[in-house]
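I opened my notebook to write down what I looked up in this structure, one entry at a time. Here is how it went.

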Amino acid sequence: MIAERRSATRASPAAAAVRLLDQREFMILYILLLGCVGVAHAVPEFLSRENFSAILLALADQSIIAIGMTLLLVSGGFDLSVGSTMALAGACTAIWLAAGAPVPVAILAGLGVGVLIGLLNGLIIACVGINPFITTLGMMSLARGLLMVVTDGQNVSGLPQSFTVLGQGAFLGIQYPILFSLALVGAGDFLLRRSRWLRQCYYIGGNEKAARLSGIDVDRVKVICYVATGLLAALAGIMITARLGSASTTAGKGLELRVISAVIIGGASLKGGVGTIAGAFLGALLMSVIISAINLLGVELNWIDFVLGATLLLAVMADRLSAERGGSRG
Amino acid sequence: MPVFEARDIVKTYPGVRALDGVSFDLRPGEVHAVVGENGAGKSTLIHVLSGVTLPESGILLLDGRPVVFPSPHEAARHGIGVVFQELSLVEDLSIAENLFVGRQPAGRLGLIDRRALRRQAAALLSEFRWNVDPETPVRELRSAQRQVVEILKALSLGPRVLILDEPTSSLAAREKGLLFNCLRRLRREGRSIVYISHRLAEVFEIADRVTVLRDGRRVDTRRASDLAEGDLVRLMVGRELSDVYGTRLHALGAERLRLVDGRRRGAFAGITLSVRRGEIVGLAGLAGAGRTELGRALFGAEPLDEGTIILDGATLRIRTPGDAIRAGIAYLTESRKEDGLFLELTLRENCAAPRLGDFCGRFGLLDDGAITRFAESCRKSHRIASPGVQAPVASLSGGNQQKVLLAMWLGIRPRVLIADEPTRGVDVGARSEICQMLRGLAANGTAILLISSDLPELLGLSDRIVVLRGGRLAGEFQGSQATEEAILACAAGVTEGAAA
């Protein structure tokens, strides 16, 4: 009876709207809007164009990496090495540029570093069968160590203007990194929702054994997702190097956990099978807005980590509780 | 006077009355075998006797005094030792540590006294005349040896009553001999043993008395020496067949699937069989006979090491499930929750899983409308009771989940369907619908290989029954030869099946 009633009301437009609002993305959007209105009430400059572009600019590298991390979490894995990959790829590009390589060549080589790290991660996880935590933890340290070796612990600067313009230029007043990250997030979200190939991630995360029996080439999908994540991390690293005009050896430290938090706030689960890139982006945005609000409200900055941690826990617990109330979906 | 007794035990699970007023008694110094088909209630009885589950009604008497076992620990404290089918050893620890888990001899400061542990373990092992270093990690043992460790672990508690659930399913002949000697010694010491087994020959070899369970009731308890093997089989089966299974109305077509000399290491060898269009071939055998492994090998999940698969006259190379699906072979797994369904995903996503490619439009994008329409049609044609195609499969009942699994695989329009325990754990209504679906599929020319431990179902649906024993073909039965007695006897190795 209940089931019948539920399916009957589902057809009405009002119910469709309710269902839409019920989705994780809209919930975060709602919280974001509410929060923004609240903060703007106290500090009007929060709504300024400068503040928003500062938020989005600081978010650019995270949101690009979050695309790959979402693929991984959806398919039941994750990657702790993204921060190191990002820094290493940025540094390699910078070193090659400083050595006089043409800009496109240096960028491609930097991306190659990311692909290589992702490929190693993927092969070790899918083919050797080591779990993602250990594998990417090792790779995190390995890549960071390699970075220290190739840079000798020094930041790399003195990059040509034809390269830095990629991170510092703007189109219609909006910086390239913002445009670039938004475009990638949009494309990624569309593809994860619609493409046949990426849809396989949900099946693998949902039940890996059943996915195998359904004819999905699980190992291959996993390897390619890790490669994509490595590539995106490298891209973020090169972009940030261009923006700052130098490659820093401490770039991306702690970034992996921030990105994973954002993806989980956005609706993904470590168990796999759920999550969207739009959700992950909104999760990252929520965290950035919180940081910005803390700044502007004049709260002591030491509170930032505390508040971010609380946000993650609240989001996950809210999810859990609403799932229990809705029944079945444990 | 019986040392341990159960009176009028009732235990129900949702939809099943697992034990329906069963009484059981154990005398001092006897080996008492409990036999019955799968689902007869043997496991539930053991669970009640050993404190794993509490019965809804009925009492347990130990030395004539009522006892309640709220936990296995409590049962163990009263001297009831159990060896379960599922092994409960910690692989990374040594034999000695596994034998005395939770009660290792400790010295000062609560530290484990390694020397004493080693000495006690060695003493126990030598009693069983097993020459092995007690420090060997369990990981390095073969499954039969692990079973022995499991049995020794139960014995090390010095139980008055020892319950063994299928102890020989993985034991080699030599280890089985050691086990039986050990049991005879325990019997001489006046201890009592409950012995569960599918292997009737063993029952006659070791048991003093036999209790037969069927459909959750006790059929009879008799002295083993008063019984012939044939009597026992008849007591175990003795049930009328109803017509849930229907009858075949279509003619069989040409040969569709043929396996020649199939072999997979550690599972089966020398298997040759064929299935015709529209034919349902039943695969019978005990647990561990290699039926599931054979099904999974034909599907490429754990591919054949050797052998040829011929489908409609063409030789196929099947190394992955993807190969099998492209060739039109579908496989219904025996454990839908484990590796069949995507429980957290929606009905819609589940239905589309094995054929995502069919819903692929331009640029590799999925046509979600088409997937929804397909799922809706599955829901209607298979009468899946669900609030809608967006409902997670976890929210459906067992029978409906099984129908989703079936719908998922019928979607690829299979030329061959391998159905592994298709009605396990579903209620009577869903069961008859599933049987009708299989019949309908066969009528449309699909060749079906049916794996089932439910003999009435196997007999009711199959045109022909092939029996596996220990990974080898043990016999083939057809028409009037195919009786439950004959198949059970052949599967248990009591008599040779007719080679057809």
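**Two domains in chain B**

I started with how far apart the two domains of chain B sit. This is a predicted model, and in it the C-alpha centres of domain 1 and domain 2 of chain B are 34 Å apart. The domain assignment puts domain 1 of chain B at 4-237 and domain 2 of chain B at 255-492.

Next I checked who takes part in the contact. Domain 1 of chain B gives 11 residues and domain 2 of chain B gives 12 residues. On the side of domain 1 that touches domain 2 in chain B, helix H7 (200-206) and helix H8 (229-237) are the elements with two or more residues. H8(B) has the largest share of that side, with 3 residues. I also sorted that side of domain 1 of chain B by type: 4 nonpolar, 4 polar and 3 charged residues.

**One residue, Glu5(B)**

I picked Glu5(B), which is in strand S1 (residues 4-13) of chain B. Is Glu5(B) buried, exposed or partly exposed? I found 18 other C-beta atoms within 10 Å. Being buried takes 20 or more, and exposed means 12 or fewer, so Glu5(B) counts as partly exposed.

Then I listed what Glu5(B) touches, leaving out residues up to four places away in sequence: Asp25(B), Leu26(B) and Leu61(B). I also looked up a distance to Cys360(B), which is 355 residues away from Glu5(B) along the chain. The C-alpha atoms of Glu5(B) and Cys360(B) are separated by 64 Å.

**Strand S7 of chain B**

How many residues of strand S7 (residues 161-165) of chain B are buried? I got 5 of the 5, so S7(B) is largely enclosed by the rest of the structure. Both faces of S7(B) are covered. Val161(B), Ile163(B) and Asp165(B) are buried on one side, and Leu162(B) and Leu164(B) are buried on the other.

I looked at the partner strands too. Strand S6 (residues 80-83) of chain B pairs with S7(B) in the parallel sense over 4 bridges, and Val82(B) stands opposite Ile163(B) there. S7(B) also pairs with strand S8 (residues 192-196) of chain B, again in the parallel sense, over 5 bridges. In that pairing, Ser192(B) in S8(B) is the bridge partner of Val161(B).

**A six-stranded sheet**

I moved on to an open sheet of 6 strands in chain B, with mixed pairing and the order S16-S17-S18-S13-S19-S20. Which strands of chain B stand at the edges? I noted strand S16 (329-332) and strand S20 (472-478) of chain B. Each has a single partner strand, so one side of each has no neighbour in the sheet. On average, neighbouring strands of this sheet are turned by 20° against each other, direction ignored.

Strand S17 (residues 416-420) and strand S18 (residues 447-451) of chain B pair in the parallel sense over 5 bridges. Asp420(B) stands opposite Ile451(B) in S18(B).

**Where the chains meet**

I counted the contact between the chains: 28 residues from chain B and 24 residues from chain A. On the chain B side, helix H10 (321-327) and helix H11 (336-340) are the elements that give two or more residues. That side of chain B divides into 17 nonpolar, 7 polar and 4 charged residues.

I also looked at another helix H10, this one in chain A (residues 196-206), where 9 of the 11 residues are buried. Among them are Leu198(A), Arg199(A), Tyr202(A) and Ile204(A). The cover over the buried residues of H10(A) includes helix H4 (49-74) and helix H9 (176-194) of chain A, together with helix H12 (347-352) of chain B.

**How confident is the predictor?**

I finished with the scores. The model has ipTM 0.79 and pTM 0.74. Chain B has a mean pLDDT of 85, with 93% of its residues at 70 or more. Chain A averages 87, with 91% of the residues scoring at least 70.

Where in chain A is confidence lowest, and where is it highest? I found the lowest in helix H1 (residues 2-9) of chain A, at a mean of 38, and the highest in helix H12 (residues 218-244) of chain A, at 95. Over residues 1-11 of chain A the pLDDT is below 50, and that stretch has 7 contacts in the model beyond near neighbours in sequence.

Technical notes:
Residues numbered from 1 in each chain as written. Chains lettered and ligands numbered in written order. Predicted model: local features only at pLDDT ≥ 70, side-chain atom pairs only at ≥ 80, totals over all residues. Pairing = 2+ DSSP bridges. Axes fitted to C-alpha atoms, helices over the stretch in contact; angles between N-to-C directions. Domains from an automatic or database assignment. Contact = placed C-beta atoms within 7 Å. Nonpolar A, V, L, I, M, F, W, Y, C, P; charged D, E, K, R; others polar. pLDDT = per-residue confidence, 0-100.
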